[in-house]
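Please examine the sequence and the structure shown here before reading on. The explanation is meant to be followed with both in view.

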Amino acid sequence: MNDADILAELADILAAPAPLTPETPLEPPLTWDSMALLAYLAFVRLTFGKVLPGVSCKDFRTVGDLLAAARG
Amino acid sequence: MNQTFRGLRLEAVACAVPAGRLTLGDYAARFGQDIAARYEKVVGVRQVFRAATGTAAADLARAAAGALLGGDRAGVDALLCVTQTPRLDAPPDSCLLQRELGLGEHVLALDLNQGCAGFMVALQAAAHLLLHPAVRRVLVCGGDVLSDRVDENDHATAFMFSDVGFAALVGRGEGEWAFANGTAGSKAITLPRGGSFKMDGTEVFNFTISKVPEQILSLRTPEVDCLLLHQSNAFILRQIGRLCGFAPEQVPMNIADCGNASSASIPLLLCDLARNRGWRGRRTAILSGYGCGLTWVSARMPLDFDSTQFHLAPYQP
């Protein structure tokens, strides 16, 4: 899965009204809350087979942080 | 640990449901439409059952067991009561229920302090008891009243749990039940004495999308045609189903209208499928319960929706 595909998935998880870039901050109008975090964790588990233990919403500030954790 | 037991049968399952309801509209009135809409989309709950003040889990369990047993107490040699919300620290609810249900004084009465995995833990314990020839039938019952143990200001947990009682009768038959169980010494879910339910959502979620699917897959064989999960959260159920390779129609849900009924969740799903959704005939199912502990127990077993009796009883105080 390339970055464009991942960004499309993240746009759905974050209910983004416009295309995302790695620099997009995780703040309104994006929805970044505990439920979005669960959706993100599920996406990472299903797509990359990874579990991210001990994370919380405040550990991520931008879309790039989500990309990096998924790929890292 | 994986264990297989032969010669078992699920004779009957019953649930007692109180009349009180809390709806998504009530939740929206408290927390706002946006949070309610998002909660419904992710968690999937539209309604939960609420017991009247003063109703205990054992009251609901007694009603379910009464509906299940009718006038037949023969051969019940053990009574397991599963609850996190007993009436008293002592005596155990199981001892009180022995008399309330009119069971013999010879009955082995035992409380199991378990939450959402409780039904599966109790089934596994019943299977162990039935290894002894002196034990003819095991009555498993329980449930929780958690409506007065949640923080009403916490939007993540205030509208999650249903107060439901259950009972199930396990006896001898032709069935082979294959269990897998695990527990992991975690305080990710806690119910402090006298306090409110607390949950570390991320840790619990990571647990449910790693340990639970792994256990289910360890039991999966070609004849398995459905996966009956503890109804914790619609989003989590969909992920577990996907990770285990089941089609959505093989993983039935009733969380929307029934909420998370703790240890009564799987019995309530079984009764709902049999009584309201027309499930008939024989199935080979994997049942999986997971919750505080963290504890996760799954079993592969044959189910016969024609010969097993299923009762859904309104609870009358």
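The model is a predicted one, with an ipTM of 0.76 and a pTM of 0.93. For chain B the mean pLDDT is 95, and 100% of the residues reach 70 or more.

Chain B contains 10 helices and 13 strands. Its radius of gyration is 18 Å, close to the 20 Å that the globule rule gives for 317 residues, so chain B is as compact as a globular protein of that length. Along the principal axes, the C-alpha atoms of chain B occupy a box of roughly 55 × 45 × 40 Å. Of the 317 residues in chain B, 51% are buried.

The domain assignment divides chain B into domain 1 (7-172) and domain 2 (176-306). The C-alpha centres of these two domains of chain B are 15 Å apart, and their contact takes 42 residues from domain 1 and 42 residues from domain 2. On the domain 1 side, at least two residues each are supplied by β1 (2-17), β3 (47-50), α5 (118-129), β6 (137-144) and β7 (164-186) of chain B. The most comes from α5(B), which gives 7 residues to this side. By residue class, the domain 1 side that touches domain 2 divides into 26 nonpolar, 12 polar and 4 charged residues.

What does B:V140 touch, leaving aside residues up to four places away in sequence? The contacts of B:V140 are B:L80, B:V82, B:A122, B:L123, B:A126, B:A167, B:A168 and B:V170.

Chain B also meets chain A, in a contact that takes 13 residues from chain B and 12 residues from chain A. The helices α2 (33-42), α6 (201-208) and α8 (234-243) of chain B each supply at least two residues of the chain B side. That side divides into 6 nonpolar, 5 polar and 2 charged residues.

Just after α8(B), B:G245 adopts a positive phi of about 80°.

B:P133 lies in the loop between α5 and β6 of chain B. Is B:P133 buried or exposed? B:P133 is exposed, because 7 other C-beta atoms lie within 10 Å, and a residue with 12 or fewer counts as exposed. The C-alpha atoms of B:P133 and B:H311 are separated by 28 Å, with the two residues 178 residues apart along the chain.

How values were computed: Residues are numbered from 1 along each chain as its sequence is written. Chains are lettered from A and ligands numbered from 1 in the order in which they are written. This is a predicted model: local features need pLDDT of at least 70, side-chain atom pairs count only at pLDDT 80 or more; totals for chains, interfaces and linings use all residues. Two residues are in contact if their C-beta atoms, placed from the backbone, lie within 7 Å. Domain bounds come from an automatic or database domain assignment. Helices (H or I, at least four residues) and strands (E, at least two) are DSSP runs, numbered from the N terminus. Ala, Val, Leu, Ile, Met, Phe, Trp, Tyr, Cys and Pro count as nonpolar, Asp, Glu, Lys and Arg as charged, and the others, Gly among them, as polar. The radius of gyration is taken over C-alpha atoms; the globule rule is 2.2 Å times the number of residues to the power 0.38. A residue is buried if 20 or more other C-beta atoms lie within 10 Å of its own, exposed if 12 or fewer, and partly exposed in between; C-beta atoms are placed from the backbone. pLDDT is the predictor's confidence in each residue, from 0 to 100.
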